[in-house]
Amino acid sequence: MAVVAVVEADTVLGRVLCAELAAHGHGVLAHCRDAAAGPPGAVDPGAVDPGSGGVREGSPPSGTILRLTADAVDDALPDWHAAHGPIEHVVLVQPDAGPAPPPGADGHDAFIDALEAELVGFLATLQAAGRLLIRGEGAQIWAITRDDSASHYLPGAPPPMAMRARHAAVKSVGKELYRFGVRVNAATVQTLAEQADPADWRAARHGLKAFAMKFRPIGAEAVAGTLRRYLEQPDLPVAAMIVPIGIGMPENNV
C-alpha cells in the first residue's frame, strides 16, 4: 500500500481522509498546523537520521497515521520523504476558512496580503511535491479546493479567488509534470455537510431558491472514499484537470 502525505490534515476533510486511507491499509503522513486538532494517530517521533542506514525505519506501517507539523511544508517534504517515506502521493487540502489578516490589520490591503501569503505557500508546496514525486511513476497530487456554488449563502468559506488561483496552478503544473509520470489534479468539492451548522443550511436554501430542490449537502466520508479510490487507481485517466465533486450544482455547471 502507498504512503500518502496529506497537507492541512487538521481540516474537516483532512481528518476524515486520513482515517479513510489508514482504514484501507495506507500509511499516512498527516501534516497539521495544530497537532491537537489533527486526526488520531502517532505523535511525531522526531527526525530519523537518513545516515543511519535505515532511511525508511520511520515509515508509518500500513494502516497507521503519523502526525507531523511544519510551517513551511515545501521545506519539510524532502525530510519527511527521507525519514518516513517514500511518499507516493500528496494531497493538498484547502483550509476550512479563508486567509486571516495579521492581528490588528484591517481593510482591503490586509486581506490581499493574507491571501497572497496563503497562495505563495500553496504554490511552493505544489512545486516541492512535484519535484519529489517525479522520482516514481504513477504518483498523484490532488489539490482539494472549495467549490463556491453555495459559498455565497454559507459562512466561513474561502474566497473564490483562492480557489481559482489554485486551479490555474494545477492546470499549468499538471501539464508539465504529466511528462514525468505524475498526475496533478484539483478536486473542487462542494461545502461539506460538516462545514456548516444545520441552521446555516436551512438559511442557505432560501438563497439557493430553485437550486435548493436539486442541491444536497455531501458528507466528508463520501468525498474521502472517492478521493481514496482515485489515489488507488494506477492508470488514472485524469491529469491537469479540475474534477467537480458535488450534487445538484457543481461550479463547472452553474
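Predicted model: local features only at pLDDT ≥ 70, side-chain atom pairs only at ≥ 80, totals over all residues.

Residues are numbered from 1 along each chain as its sequence is written, and side-chain values use heavy atoms, with hydrogens and water left out.

**The aromatic pair**

- Trp142 and Tyr230 have ring centres 5.2 Å apart and planes at 10°, so they count as stacked (planes under 30 degrees apart).
- Trp142 sits in strand 5 (residues 140-146) and Tyr230 in helix 6 (residues 220-231), so the pair links parts 88 residues apart in sequence; helices (H or I, at least four residues) and strands (E, at least two) are DSSP runs, numbered from the N terminus.
- Trp142 is buried, at 2% relative accessible area, while Tyr230 is partly exposed at 23% (buried is under 20%, exposed over 50%, partly exposed in between, with a 1.4 Å probe and protein chains only).

**The largest pocket**

- Its volume is about 380 Å³ (a pocket is an open set of points on a 1 Å grid over the protein atoms alone, where a 1.4 Å probe fits, with protein on both sides within 12 Å along at least five of seven lines; lining residues have an atom within 4 Å of a point).
- Of the 21 lining residues, Val7, Glu8, Arg33, Pro95 and Glu118 are closest to the centre of the largest pocket.
- Helix 3 gives the most to this lining, with five residues.

Methods. Phe/Tyr/Trp six-rings, centres within 6.5 Å; stacked < 30°, edge-to-face > 60°. Points joined across faces, edges and corners; volume = space filled by probe spheres on them.
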